[in-house]
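Student: I would like a close look at one part of this structure, the place where the two chains meet. Could you walk me through it?

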Amino acid sequence: MRTTKIDGVVKMQPGEYESLDVDGIVKCPGDLVAENMTVDGILKVEGSLNANRLDIDGMTKIKGDLDCGSLMVDGKLKIEGDLNCDSLEMDGMGTVFGNLIAKGVSVNGLLTLKNGTKLETEKLSCEGIIKVNGEISADQIDAEGLLRAKEIVGEYVKIRSKGARVFGLFFRKFSRVPLIEATTIDLSGVKANQVNGQDIKIGKGCRIEHLDCSGHLSLAKGAKVKNITGDYVLS
Amino acid sequence: MLQESDLISKKELLEKTEISYGQLYRWKRERLIPEDWFVKQSTFTGQETFFPRKPILQRIKEIKRLKDKHSLGELAEILAPQSDQALELPTLDHPLVLRLPELLEREELKTGEVAFAWGLANLTKKSRVLQVSLENLILRVAPVLADLELAGTICTVFRVGSSLNAVFSRGFRRLNFDTGVKEIGSFALDEALRGLRGAQNQSNH
């Protein structure tokens, strides 16, 4: 595979590349397509970026959409359009102004979705911080970090927030989500207005206004639930 | 504007259809249930989600009926409205399907148009129907197909004198014609699409 290395302060040609290594301060005035791409420097793409594999250790800003197979971010990424990928590993800082649709998402750093957009994935894990000004929808959510979203919905939602350590700083806070709805729910350290589900486990540190359960319900000592409805069995 | 009686709450929907939250949201992510069917209304607990009653119940019934026969991607294609779907012409050596771009005077074909042509050709292959009659029928049916959902739609083909015609109905219901009508047969549009995909996969291997 032919590798194109770009160093220095460069305005590069839009187009298709096989393997692209960006080390300098690079601006691309159009769309970029690459099989494999690494960014150790600073890259600004005025159009959209399409890559099979993208590793970002430096900084990348994309004005359009980002479509890729595997995306790993240790540095900083900003996307003004949508992000569509197979897998996302966010150990650094990512900001997306459009929607994020992926098969799998793992966040140990900070991921922010602005503009009331949504995060849709099959599997989401979080030991860092995720802030979504819209909906998080996933088959499976497993979070020990912090989640902030308008709604979290899916099949299996487990949020056991004990705070998050991101970039050496420790954030001791609750996960705050107005609405959580899933078939199976397991929460601790979560503040929610409404929790609806089939089988629900509310652990310590939770403050829930309204809860509706249609299956099995478990409430730990230290969990505060104001109002409970539904045809449930208390365990 | 939708009246209260036209809406069903999410809770009632899950109870009535016996699906889980996980299934509902998976089908929403896969675009099997349109996002604008999730209607938020204020209640004393905050906001609750409602759905247009008849369409959502019908849609979930269709999904449950078809989900074991089709992948989620195929279901999305079958259930999506026709107007914004363009289909690449299948790589099949089939006279009626291959004639479609020329007949319809465009390269981009809708899923329903190709499924209809395939279903029609298979239905009439043992009957003595002239190619020109089939083509004329396709021209008259194409504008009607734009507004039809493939899922659950049945096409009945019949002849009145020398004219070949088609009528579309929801579900297999026996249609009763007068004695001047000769019924040729019926086929389901979603089944036709499945048959077409199957034949296409075989010819690609």
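**Where the chains meet**

Tutor: The contact, meaning heavy atoms within 4.5 Å, takes 16 residues from chain B and 24 residues from chain A. A word on the ground rules: this is a predicted model, in which local features need pLDDT of at least 70 and side-chain atom pairs count only at pLDDT 80 or more, while totals for chains, interfaces and linings use all residues. Residues are numbered from 1 along each chain as its sequence is written, chains are lettered from A and ligands numbered from 1 in the order in which they are written, and side-chain values use heavy atoms, with hydrogens and water left out.

Now to the area. The size of an interface is often given as the accessible area lost when the parts come together. Here chain B and chain A bury about 1,500 Å² between them, and 38% of that is on carbon and sulfur atoms. This buried area is found with a 1.4 Å probe and summed over both parts.

Next come the charged pairs. A salt bridge is a side-chain nitrogen of Lys or Arg within 4 Å of a carboxyl oxygen of Asp or Glu. Between chain B and chain A there are nine salt bridges, and the count over all chains comes to 26. A:E181 pairs with B:K10 in a salt bridge, their closest N and O atoms being 2.4 Å apart.

Polar contacts are pairs of N or O atoms within 3.5 Å; within protein, one must be able to donate a hydrogen and the other to accept it, and residues adjacent in sequence count only if both atoms are side-chain atoms. The interface of chain B and chain A has 12 residue pairs of this kind, both residues at pLDDT 80 or more.

Which helices of chain B supply at least two residues each to the side that touches chain A? They are α1 (10-17) and α2 (21-29), where a helix is a DSSP run of H or I with at least four residues, numbered from the N terminus. The largest share, seven residues, comes from α2(B). By type, the residues on this side of chain B are three nonpolar, five polar and eight charged. In that sorting, Ala, Val, Leu, Ile, Met, Phe, Trp, Tyr, Cys and Pro count as nonpolar, Asp, Glu, Lys and Arg as charged, and the others, Gly among them, as polar.

Finally, salt bridges that share partners join A:K118, A:E120, B:R31 and B:E35 into one network.

Methods:
Buried area = accessible area lost by both parts, 1.4 Å probe.
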